[in-house]
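Good morning, and thank you for coming.

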Amino acid sequence: MLENTSSLRNFFVYKCLFALTFWNHVSLSVENKLLTPVPNNFPEDGSDQKIKSLQLLYTNRHQSKSSFGWVVIQNTTESLSLSEITNDNVKKLVALLSNFKQGSGLQNLTLTNMSVDWSALMEIFQTVWQSSIEYFNVNRVTQLSNIEKYTFNYSGTSMKALTVKKIRITDLYFTQNDLYRIFADMNIADMTIAESEMIHMLCPSSVSPFRHLNFLKNDLTDLLFQKCDNLIKLETLILQWNKFESLLKVSFMTSRMKSLKYLDMSNNLLHHDGADVQCRWAVSLTELDLSSNQLADAVFECLPANIKKLNLQNNQISSVPKGMADLKSLEELNLASNRLADLPGCSGFTSLQFLNTEMNSILIPSADFFQSCPRVRELQAGHNPFKCSCELQDFIHLERQSGGKLFGWPSAYVCEYPEGLRGTELKDFHLSELACNTTLLLVTALLLTLVLVAVVAFLCIYLDVPWYVRMTWQWTQTKRRAWHNQPREQETVLQFHAFISYSERDALWVKNELIPNLERGEGCVQLCQHERNFIPGKSIVENIINCIEKSYKSIFVLSPNFVQSEWCHYELYFAHHKLFSENSNSLILILLEPIPPYVIPARYHKLKALMAKRTYLEWPKERSKRALFWANLRAAININLPPGDENRCGETD
């Protein structure tokens, strides 16, 4: 089937070429180019079908065409595309286009890469205007000669739409009206002049049939169409990528366009700082694109009242001020790529159905958004730097209740902060109820604090911590007073070999056994005993500390009576404190009678520790072993006092 179609196509082409070369009377000759009809999609049965396009091909020979041949072509052609148009072949092109009178089949014409004079360009436009062409496209035009006034005949045209792109004007000095008036007064519905560095356009001389105007990528400014009353039929106006600055003047420009529905002002330099003069927009305007400008929060006081679709993407909006905008008809609002810190409410947008807040600075979106915006069917809030915290939990719960209203969930909703959760999708982020419920957390913390206080109080009572604190304070105060009272160069001098600590119930053993054997036996040992060495007038605690400080050793006579004595406990505490503060081995423990562990009070934990870790001398019941006991005790004391103190051995008060 493909072979039959191809054969049929080739046959038709050759037949046309033969018909064109057969006729010797020439109606048009195109030098170095051959106008060749190319059929599209011939039916398999060989039936006739109109040729859809014409292409201008290069050849090295002249080709003549008969008037009969042109009649055939113009009746069977809908589209024609020509390129490389210069001053040399303009007359031939005009002659060619003159054959396509109104009523012929040619409807679409595209001219590309034109380099012609202004008069030649106008002649081509005028010829097209009087032909059957409805859609005229011109791409890449270079105008070579001076622009002059041209009287253009717009009457009797079939034209509907003109598209001109990339016009380069080489004439720098010309009257603007001579250029812009030609285009401003065109009696067509659709006109596009794009990418041409156009700086101005005139208001039409009379009521214009323009319905769609597209001036994309030019250099138009706020002066465009100011106070223009002849664009009352205009419905679409595209001014994207120009140099407009004042949103207020743009509103004034549209105020007289009674039929305007869509306005594209994106990628300009628009700003609005608020003004005493109120903006005036076309009442009919329902769709407005203000994306990629320099608009801030004040833009909401200069918006069309009946707008339905509003694009404010990529501006400098940080919030939507409450009470500033009352857009009851607004259905779609795009605020992506701004500086929003939270989702806007809908107090001024009661009909809002679609909202886009992607790529803003929203850390924690408001969880009550859908309550304030009950008509919203889709919210695009992804690609924000979400802070995954307790507050965000409410927004995550909101998504589960919204019924799929969050567009892009879950891939577009990812934690940015804290750093440890970066990259985690919000659907995978969870915190316990205790961590997020402030009241519950406070109650729990209070209970734990109370429990901790109770435990600490119990331990303090059980270990007698207040007693130790009191003793430490007394010891510190005594040391401080002693330091202030004595000369700075004088140091504490050891006066005794040992201080004896014992219970009054064990005093008989101390006086009858311990003191006589140490002080009167072989090797004089000077002992400090509270009954004879405490200084009257000083407190008991101060006397205990002084005696311990002036004694090389401290002897503790341990028995069940010892652990029941409060003062013995004091003496043990201060002696133990000296042991650690001076890093000395000054304690000597004598176990007079065995002490069952259960007898020792809990607060005597230091005594328990000493008896568990240190070696103590046990008083033997057998007399034969007592000589060894005294020898070991003397060896444990083993210290020489400063000269002058030995003669006090054996003295009693």
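Predicted model: local features only at pLDDT ≥ 70, side-chain atom pairs only at ≥ 80, totals over all residues.

Residues are numbered from 1 along each chain as its sequence is written, and side-chain values use heavy atoms, with hydrogens and water left out.

Let us start with charge. Side chains of opposite charge can pair when their charged atoms come close. A salt bridge here is a side-chain nitrogen of Lys or Arg within 4 Å of a carboxyl oxygen of Asp or Glu. How many salt bridges does the structure hold? There are ten.

One of them joins the side chains of Glu134 and Lys160, at 3.5 Å from N to O. Glu134 lies in the loop between H4 and E7 and Lys160 in the loop between E7 and E8, so this pair ties together parts that are 26 residues apart in sequence. Helices (H or I, at least four residues) and strands (E, at least two) are DSSP runs, numbered from the N terminus. Is Glu134 buried or exposed? Glu134 is buried, with a relative accessible area of 18%, whereas Lys160 is partly exposed at 40%. Buried means under 20% relative accessible area, exposed over 50%, and partly exposed in between, with a 1.4 Å probe and protein chains only.

A further salt bridge links Glu235 with Arg211, whose closest N and O atoms are 3.1 Å apart.

I turn now to the positive charges. Arg140, Lys165, Lys166 and Lys217 form a positive surface patch; patch residues have over 30% relative accessible area and no salt bridge, and like charges are joined within 9 Å. Arg140 lies in strand E7 and Lys166 in strand E8. Their C-alpha atoms are separated by 4.8 Å, although the two residues are 26 places apart along the chain.

Finally, the helices. In helix H6, residues 247–254, seven of the eight residues are buried. What covers those buried residues includes strands E11 and E12. In helix H5, residues 176–184, the buried residues include Leu179, Ile182 and Phe183. The buried residues of H5 pack against helix H4 and strands E8 and E9, where contact means heavy atoms within 4.5 Å.

Definitions and conventions: Patch = residues over 30% accessible without salt bridge, like charges linked within 9 Å, V, L, I, M, F, W, Y side chains within 5 Å. Areas by Shrake-Rupley, 256 points an atom, 1.4 Å probe, with all protein chains shown as cover. Lys, Arg positive; Asp, Glu negative; His and termini not counted. Charge placed at Lys NZ, Arg CZ, Asp CG, Glu CD.
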